[in-house]
Structures are given as structure tokens and as C-alpha cells.
Amino acid sequence: PSKQSLKENINNKNQVNINRENFKDNKVYNTYDSTNIKSSIYDEEKKELIIEFKGGRKYMFEKVPLNIYGSFKRAKSQGSYFNKNIRNVFGNKIIT
């Protein structure tokens, strides 16, 4: 199957909402097909997760384990996963 048909198949099953994923300098960059979350950057060395919301705000969350980040990016709903497992669990600060 083509890449496009694989992406359509995955999205139709609502298993993954990742539009694009890139890797650079021990960081993982993702954009999402999410109602509220536009993108994320995960720094594997520092265990920092930056989340950008569609309204423009960016927050950095500290000491986020790789398994939490992995579950977040693969969640059926990044917003729901974020609210339940990241938002009030990890220290954070507003970047913009």
C-alpha cells in the first residue's frame, strides 16, 4: 500500500493523530490533527515536553518520562491524554 493509504487507514481507525514527525538533535517534533493541540517537541535528554496549543500558547513540561510522551503522541485524543496525564502532573512554565 502507498504511504497515503496507510495514513488514511490509521486516521480512519482513530489510532493516531500525528500529521508529521521529525527528529533532530535528540528532539522529536510532532504536529497533530487535534482540536486544541497544534504541536509538540520532546527533548529526550532533558525529558522536557513543549506543547503548543492552537491558540498560540506554548508550555514546557519538565521531567516527562519517555513512556508518557509516547502515550501522549499515540493517544486517540492528545487533548484528553494531556488533561489527564500531563497538565497537573508535571512542573511547567509558559514559554509564549
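User: Which residues does Ser34 touch, not counting residues up to four places away in sequence?

Analyst: The model is a predicted one. In it, Ser34 touches Lys54, Gln78 and Gly79 when residues up to four places away in sequence are not counted. Ser34 itself is found in the loop between β2 and β3, and a hairpin joins these two strands through 4 residues.

User: Why does Ser34 count as buried?

Analyst: Buried means under 20% relative accessible area. Ser34 has 10% relative accessibility, so Ser34 counts as buried.

User: Which residues form the covered face of β2, and which the uncovered one?

Analyst: The covered face of β2 holds Val28, Asn30 and Tyr32. Its uncovered face holds Lys27, Tyr29 and Thr31.

User: Why is Tyr69 called buried?

Analyst: The limit for buried is under 20% relative accessible area. Tyr69 has a relative accessible area of 2%, so it is buried. This residue is found in helix α2. Leaving aside neighbours within four places in sequence, Tyr69 is in contact with Val28, Asn30 and Tyr32, as well as Glu21, Ser40, Tyr42, Leu49 and Val64. Tyr69 and Glu44 are 25 residues apart in sequence, and their C-alpha atoms are 9.6 Å apart in space.

User: What makes the buried residues of helix α3 line one face?

Analyst: The buried residues of α3, which spans residues 78-85, are Gln78, Gly79, Tyr81 and Phe82. Seen down the axis of α3, they fall within an arc of 165°, so they line one face of the helix. These residues pack against the strands β2, β3, β4 and β5 and against helix α2.

User: Which residues are the closest to the centre of the largest pocket?

Analyst: The largest pocket has a volume of about 160 Å³. Of the 12 residues that line it, the closest to its centre are Tyr29, Asn30, Thr31, Ser39 and Ser40. β1, β2, β3 and β4 each supply at least two residues of the lining, and β3 gives the most, with 4 residues.

User: Why do Asn26 and Lys47 count as partly exposed?

Analyst: Partly exposed lies between the limit for buried, under 20%, and that for exposed, over 50%. Asn26 has 42% relative accessibility, so it counts as partly exposed. Lys47, at 33% relative accessibility, therefore counts as partly exposed too.

User: What is the phi value of Asn26, and what is that of Lys47?

Analyst: Asn26, in the loop between β1 and β2, has a phi near 60°, a positive value in a residue other than glycine. Lys47, in the loop between β3 and β4, has a positive phi of about 60° although it is not a glycine.

Technical notes. Residues are numbered from 1 along each chain as its sequence is written. This is a predicted model: local features need pLDDT of at least 70, side-chain atom pairs count only at pLDDT 80 or more; totals for chains, interfaces and linings use all residues. Side-chain values use heavy atoms; hydrogens and water are left out. Buried means under 20% relative accessible area, exposed over 50%, partly exposed in between (1.4 Å probe, protein chains only). The arc is that of the directions from the helix axis to the C-beta atoms. Contact means heavy atoms within 4.5 Å. Two strands pair if DSSP finds at least two bridges between them. On a 1 Å grid over the protein atoms alone, a cavity is a set of points where a 1.4 Å probe fits but cannot get out, and a pocket is an open set with protein on both sides within 12 Å along at least five of seven lines; lining residues have an atom within 4 Å of a point. Grid points are joined across faces, edges and corners, and a volume is the space filled by probe spheres set on the points.
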